[in-house]
Amino acid sequence: MQEATVKRVIERPSVVIAILTAITLLGFLGVGRLTKRFQEQQRALARHLYQQGLAEQQAGKFDPALEHFRAALTYDRDNFQYQLSLARALRDSGRTDEAETYLISLWERSPQNGAVNLALGRLAVRRQELDKVIQYYHNAIYGVWDANPEQNRLNAWFELAEVVLRLNARPQAQAELIALSASLPADPQRRLRAADLFIQAQDYEHALTEYRRVLQLDRTNTVAAAGAAQAAFKLGRYRTAARYLEAAAKADPHDAQIAQMLQISNLVLEQDPFSRDLSTEERQRRIRIIFDEAGQRLDACMNSKERQMTPGTQVDPLPPLKAQWVQMRRRLIRLGHAGESGLADQVMDLVLQIEQQTTACTPTTQDQVLLLLAENRGAVEQ
Amino acid sequence: MSRFLRIAPEPSPAPDESNNAASVRTRPRFFAAATLTEERFFLILAVFIGLFAGLAVVCFRLAIDWTRIGLLGPAPEPHTLRVLFVPVLGGLLVAVLVIHLFPAVRGSGVNQTKAAFYIFNGVIPLRTAIGKFIAAAIAIGSGQSLGPEDPSLQIGATLASYLGRRMNFSREKLRLLAPVGAAAGLAAAFNAPISAVLFVIEEVIGRWSAGILGSVVLSAISSVVVVRWFLGAQPLFRIPPLTVFHPTELLAYAVLGIVGGFAAVILAKAIAYLRPRLRDLPRWTQYLQPALAGLVIGLIGYLGAPQVMGAGYEYIDQAMHDQFTWKVLAVLAGLKILATTLSFVTGTPGGMFAPTLFIGAMLGGAVGGIERHFYPHLTGTTGTYALVGMGVLFAGFLRVPMTSVFMVVEVSGDYSIIVPVILANAFAYVISRSFQYIPIFDLLTRQDGLDLPSLEELREETTLHIEDAMKPPPTPVLDSDETVHDAALQIQQASFNLFLVRVRPSGWTSITRDLLQRFVNEGKGELTLGSLLPPQRLAYLHPDSPLEMALRYVHQAPLVPVVCRADLRQLEGVISSEDVLAKYRMAVE
């Protein structure tokens with residue numbers, strides 16, 4: 001009787017479904033435990049293989065490293081770090097196509113990831129694809145970083161500037177550096193690096209500003225002083241350059257380049273006919289000396305054996321210059337007269353032409369001084 | 001679970017069952033006592049079948065991976081003795097298991113499920129699933145070149161069959177349970193429910209039936225939910241960016257279809273040739289055959305291509321992400337054909353799906369790589385070619401054209417790839433059909449001595465229509481408004497004795513020459529035909545109706561009118577029983 005009741009109860013649909021549900025739940029519990037253990041084991045294997053791969057990569061053994069990274073990903077295939085390492089190993093072993101495909105698949109999953117964008121940017125550098133370089137580096141700069149985001153962003157930005165300079169995109173490099181310098185913290189090392197890059201980008205104005213900031217932070221930084229001197233020198237601000245060069249020369253008396261720049265700066269300052277404190281007579285005297293030296297340079301070069309005509313040019317430019325020089329010498333007696341206010345500039349223009357046209361003849365230090373004086377009229381004293 | 005759903009006599013059958021005494025006798029009390037009908041409970045059970053199949057397949061996959069890691073190590077490397085000898089030892093163990101403990105696990109799980117559906121009333125012994133689980137895990141884990149899908153399909157089908165038997169389902173429902181479980185198993189193994197449902201419909205059941213479609217879909221989805229719950233939602237291989245740059249690139253996909261078609265033919269021919277010959281060898285050789293296959297596979301792995309060992313999904317993933325050159329991909333495809341053929345023909349338990357995908361992916365990648373070499377500006381990613389290549393082999397080797405297309409779309413989740421897939425698959429399918437007329441599953445069935453229906457033949461069977469057998473309308477055709485006298489004048493020149501009469505407002509009837517003459521003789525010449533003929537109307541048919549429909553009506557009248565659907569008074573032709581039989585005879589000949 002009791003057995004019949006039990007049978008009747010378990011023949012009810014709700015009871016059957018309850019029993020099936022209970023079996024399912026038990027199954028879920030059991031399989032869940034198995035799966036957890038399985039996944040832990042897989043992750044441990046993946047870690048082990050990844051470490052092996054890293055060691056091989058550091059030892060320069062790219063092929064075994066690749067195999068181990070791949071094997072690691074077999075067991076933990078969504079691990080971003082492993083994927084990124086594999087992509088980097090592919091890139092470093094020269095398999096750029098594979099690396100790019102792999103990185104793009106990572107990028108599509110996580111387009112904001114800074115590390116992936118940086119890796120893609122470096123790949124684009126290898127292919128010299130400037131647009132992609134800028135795109136991926138910018139993504140990296142403004143992207144998401146798991147650790148040290150500020151440091152990683154600034155490093156990526158510096159790297160972008162260097163890369164763009166290597167790719168001869170100077171205006172782009174200057175733009176990046178201006179933006180970068182606005183974001184830099186008060187860190188002399190980073191500012192110094194930015195200033196050096198400004199120099200490479202031939203943006204001497206910003207370079208000088210950055211070096212000055214470094215010196216404000218660290219007065220004893222001789223590298224910054226030398227850099228500032230170089231920037232001021234390039235800007236034709238020889239007074240400023242001389243001040244920084246003296247400081248740099250004190251710190252490193254054996255630096256030949258600094259010594260030469262200091263010598264030139266001093267000569268420029270000594271011979272500058274546009275210096276504000278000069279008397280009229282002295283200004284005229286200096287102009288005449290400069291003019292005569294330019295004439296001597298012209299004569300010497302015209303008679304020099306080392307001078308050769310530039311291939312493709314039909315006319316020798318020096319004889320006409322000589323004619324101009326002779327004509328100008330006749331006018332020079334009127335230097336300082338009321339109707340000849342622009343004569344000094346005309347003389348300096350001729351000096352500039354002579355120095356530019358005689359570059360084929362080995363220039364002396366004095367020639368460099370004359371050229372700089374003619375180029376930087378009025379700025380020398382800054 | 002105990003036999004809690006016992007059949008009991010039905011005291012008061014439900015009204016809708018009153019005409020079906022047989023069903024009343026065989027239905028369990030369970031369904032009659034409750035409001036839950038067998039149909040509804042079947043649907044609920046389909047969900048549980050999916051859940052159980054999903055759990056079983058998760059365990060199966062864990063078992064394969066543990067076996068592989070335990071036997072071959074976490075990263076099989078060439079030039080290691082382990083890679084050389086493990087497949088041999090695995091083969092020996094599998095042979096002993098298959099010969100002594102689980103003889104039913106030899107052969108294709110798809111065919112065994114079909115056999116259960118068509119022959120054995122849905123019965124698959126539980127022992128088969130257990131044997132398949134153990135033997136296939138050892139075989140695949142030890143490096144035999146086979147995949148887990150076919151065993152998963154059979155495990156699902158067996159679980160479903162077992163549950164159905166325990167609950168005393170009717171024979172009809174029990175037969176349907178095997179495909180329901182098969183869909184669940186395959187969906188769990190592939191992590192792709194649509195493809196699994198399509199495959200079961202296309203290859204196991206062979207027809208779209210509303211009665212089973214819902215259950216198959218429910219079980220497939222349930223099993224996929226379980227697999228994703230435990231193993232994650234990611235597909236078997238990660239899909240790279242898919243690109244088709246230019247319409248001219250479709251030519252390359254056509255080439256891929258041709259190459260894949262021939263590769264499928266080679267694989268099918270090799271299996272067709274070797275399998276019966278190896279089975280005919282003395283019994284003692286059955287112990288050594290899987291081991292020898294393992295030796296060849298181990299040698300391939302030892303010499304530098306361990307990628308061909310096992311299912312190889314991780315290498316499909318790598319191929320799709322440009323991690324092999326096209327030369328390596330082509331070599332791997334060739335070696336995989338060899339390894340898979342040997343593993344399968346020696347009776348090692350395991351499926352053909354994963355190797356098919358592997359070969360397809362490698363061939364696709366190779367074709368893509370070659371195209372990229374010559375036309376770098378035209379070529380999409382290698383992943384795109386590899387993915388299309390998988391569909392190509394599916395279409396060419398397994399001969400499931402619909403599944404092959406949807407599988408690629410489902411796995412990739414990208415419909416933009418559908419045009420190259422259809423194009424390449426069509427080429428592969430046509431080539432495969434041309435050179436290997438019998439599909440691989442039918443071939444294996446026949447080699448096993450069974451005569452299961454060929455579902456490809458069923459799909460392609462031409463249906464005869466009325467228009468194929470009907471004859472032109474005989475003239476004259478009379479009208480019910482005509483007088484008897486006019487009608488008699490019209491039929492004077494006719495050579496036959498039976499005439500169709502068009503009745504107003506619609507419908508048809510007929511009159512014989514003798515009857516018309518009798519009306520004339522009786523002096524009814526001025527009366528209309530409509531007023532004299534009996535009210536019964538002839539049944540009529542339409543030209544596009546199936547010919548078998550004519551069989552229902554041709555015995556009612558010697559001539560059945562065939563009329564236009566748009567105008568029932570417009571006669572298109574006539575059909576008689578002789579016409580129907582003549583057409584069927586001609587079709588058979």
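**View 1. Contact of H10(A) with H12(A) in the predicted model.** From H10(A), A:Leu192, A:Ala195, A:Asp196 and A:Ile199 meet A:Val223, A:Ala224, A:Gly227, A:Gln230 and A:Ala231 of H12(A). Contact means C-beta atoms, placed from the backbone, within 7 Å. Helices are DSSP runs of H or I, at least four residues, numbered from the N terminus. By class, the contact has six nonpolar, two polar and one charged residues. Nonpolar covers Ala, Val, Leu, Ile, Met, Phe, Trp, Tyr, Cys and Pro; charged covers Asp, Glu, Lys and Arg; the others, Gly among them, are polar. Residues are numbered from 1 along each chain as its sequence is written, and chains are lettered from A in the order in which they are written. Local features need pLDDT of at least 70, side-chain atom pairs count only at pLDDT 80 or more, and totals for chains, interfaces and linings use all residues.

**View 2. Axes of H10(A) and H12(A).** The axes of H10 (residues 188-200) and H12 (residues 222-234) of chain A come within 11 Å and cross at roughly 25 degrees. H10(A) is therefore roughly parallel to H12(A) (angles under 35 degrees).

**View 3. Chain A against chain B.** Here 31 residues of chain A contact 30 residues of chain B. On the chain A side, H2 (13-58), H3 (62-75) and H5 (96-109) each give two or more residues. H2(A) gives the largest share, 14 residues. The predictor assigns the complex an ipTM of 0.73 and a pTM of 0.68.

**View 4. Confidence along chain B.** Mean pLDDT (predictor's confidence in each residue, 0 to 100) is lowest in H1(B), residues 21-26, at 39, and highest in H14(B), residues 326-345, at 93. Over residues 1-27 of chain B the pLDDT is below 50. Where pLDDT is low, predicted coordinates should not be read in detail.

Methods:
Contact = placed C-beta atoms within 7 Å. Axes fitted to C-alpha atoms, helices over the stretch in contact; angles between N-to-C directions. Parallel < 35°, antiparallel > 145°, perpendicular 65-115°, else oblique.
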